[in-house]
Amino acid sequence: MLKGMMLDRPLSIPAIIDYAAEVHPNAEIVSVTVEGGIHRTNYKDIRKRIASLAHGLLALGVKPSDRVATLAWNGYRHFELYYAISGIGAVCHTINPRLFPEQLAYIVNHAQDSLLFFDITFAPLVTGLRPKLPSNLKYVAMTGRETMPAQDGLDGLLCYEDLLAGQPDTIVWPELDENTAAALSYTSGTTGEPKGVLYSHRSNVLHATSGVIGSPRAFGSDRKILPVVPLFHVNAWGLPYSAPLSGTSLVFPGPKLDGASLFDLMDREKVHNSWGVPTVWLGLLNEMKLRGRKPEGLAQVLIGGSAAPQPMIETFERDFGVEVCHGWGMTEMSPIGTLGTLTPEMEQLSFEERIALKVRQGRRLFMVEMKIVDENGKELPKDGEAFGELCVRGPSVASGYYNNEAATAQALDAEGWFRTGDVAKITPDGFLQIVDRTKDLVKSGGEWISSIDLENAALGCPGVAHCAVLAMPHPRWGERPLLVVVPKPDAKPAKEDILTYLSTKVASWQVPDDVLFVESIPLTATAKISKLELRKLLKDYVLPTAA
Ligand code: AMP
């Protein structure tokens, strides 16, 4: 085969910040800090601090391939760590502080982290965890001298700003093979121990690039984007890379993620676009309804991580003129797989037709390939009707799990595609429709019922604030759906009214057998409904039709 004659230059994460500092020096990074107040910088200045931090890490003895952990909110120091750690060839291991302490300890031990950086708000958490963490782990509080937490239980604690002080503010990055590991994120899954997904420089640069291509209206040097999605969750969906590479300003909300705080920050900073999970948007929408307006400048939100409910999409678009882009992805995909960007022709469709497209999870990013297969692994048609397990392939898709042979052995199918565990349909024009997680589908009398569809329909019912559908054992049908509902404050929806409403939205055999009212539904550490926990809570529950 005749080879192309082009220079073989490696893709590199620090090249992104070098580029942003040079080409978009004044694009801003605004952070709500854990110490209180707002911090402002730009790509030119933060590049200098990143260089100083990289020197500080080297001075601490961090070596290539070392795992360096972070336990922190969205803010400029966390962003600096993303670049400095990967830049020197070490691995930036972001950890989700919302996990259970046992999971946190498992993750740090499994990854064999050598350093742990944490926001001062997490000092009590870290102190409590310390007896369970490796004895040689070093700790760094992400703050200045004057706000250092007490050393009780954390003796030897280092100060972030001390690491930078006196270090040069320029650096020549070591030239790394582009497949060098750069970042690590554990996926909590619903069964078993968390599994580590190990990203490379190449995979993260390609993912960030295709994210910009796939969502062109979100990025640009005249834009400000607010990642509500945490930097501790799957590369914050690529935003810490795709924003600087496109010159987009970043607004980091720190620990303040409630609707009112987000509204105020967006309003003040004239945020153009923001990305997050549906639970976050419920809070913001409530605030928008209270104030009777949207934050000034907010043009688009991206909803992903779990299915965006139709009423949420409609409220954003119809009541507030905020465009919704629905995305799907997973930790193993870096994470974005699909985005709901519409073509100009689709934009011309009626409101109802556009919403029908937006309820689906969008179309694949460049470099992501998708197929659906039946239980024998045979590919199914992309006709919008057939559904089966979704498999994906691409340079930003995991080939296995870090130090976990058993999980790695099951990750790929016989043809080398990654098995997502999601059940989906794909329409002829490429729209993905997630039907369910494989294990959450309800199999009733040999027919499948999508818990996502039922939840989506139930959320449109007056008085329903939050809901989840579970498959419950049934002697006749195998399984039947149970709807668990959190009512809206001051609302007392009747079970019969909800079931009557649902019978106008779904086929009669899909209507749940019962409705159970609860005060709250357990969420996972990434703010998704924890069906695992809900199943545990309802383990003794028997459907009236099954008694
Ligand atoms: P995680 O790895 O924690 O990001 O979780 C990935 C899983 O979240 C996927 O496999 C899906 O089951 C689910 N998910 C993510 N985005 C969506 C979406 N837009 N609609 C439905 N499910 C989603």
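Cys92 counts as buried, at 2% relative accessibility. Buried here means under 20% relative accessible area, with exposed over 50% and partly exposed in between (1.4 Å probe, protein chains only). This is a predicted model, where local features need pLDDT of at least 70, side-chain atom pairs count only at pLDDT 80 or more, and totals for chains, interfaces and linings use all residues. Residues are numbered from 1 along each chain as its sequence is written, and side-chain values use heavy atoms, leaving out hydrogens and water.

**Cysteines**

The whole structure holds zero disulfides. A disulfide is a pair of cysteine sulfur atoms within 2.5 Å. For Cys92, the closest cysteine sulfur is in Cys159, 19 Å away, so the two are too far apart for a bond. Cys391 is also buried, at 1% relative accessibility.

**Helices**

Helices (H or I, at least four residues) and strands (E, at least two) are DSSP runs, numbered from the N terminus. Helix α1 spans residues 14–23, and its buried residues are Pro14, Ile16, Ile17, Ala20 and Ala21. They lie on the same side of α1, because they cover an arc of only 155 degrees around the axis. That arc is taken from the directions from the helix axis to the C-beta atoms. The buried residues pack against α2 (43–59), α3 (76–87), α7 (201–214) and α8 (239–246).

His201 belongs to helix α7. It is buried, with a relative accessible area of 1%. Leaving aside neighbours within four places in sequence, its contacts include Leu11, Pro14, Ser86 and Glu178. Contact means heavy atoms within 4.5 Å. The His201 side chain reaches the backbone oxygen of Ser86 at 3.3 Å.

**Strands**

Two strands pair if DSSP finds at least two bridges between them.

| Strand | Partner strand | Bridges | A bridge pair |
|---|---|---|---|
| β18 (residues 388–393) | β19 (residues 418–426) | four bridges | Glu389 and Val423 |
| β23 (residues 464–474) | β24 (residues 478–487) | 10 bridges | Met472 and Arg480 |

β23 and β24 form a hairpin, with three residues between them. β18 and β19 sit in an open sheet of four strands, in the order β17-β18-β19-β20, with antiparallel pairing. β17 (369–373) and β20 (432–437) stand at the edges; each has a single partner strand, so one side of each is left without a neighbour in the sheet. Strands of a sheet pair through backbone hydrogen bonds, either parallel or antiparallel.

Conventions:
A polar contact is a pair of N or O atoms within 3.5 Å; within protein, one must be able to donate a hydrogen and the other to accept it, and residues adjacent in sequence count only if both atoms are side-chain atoms.
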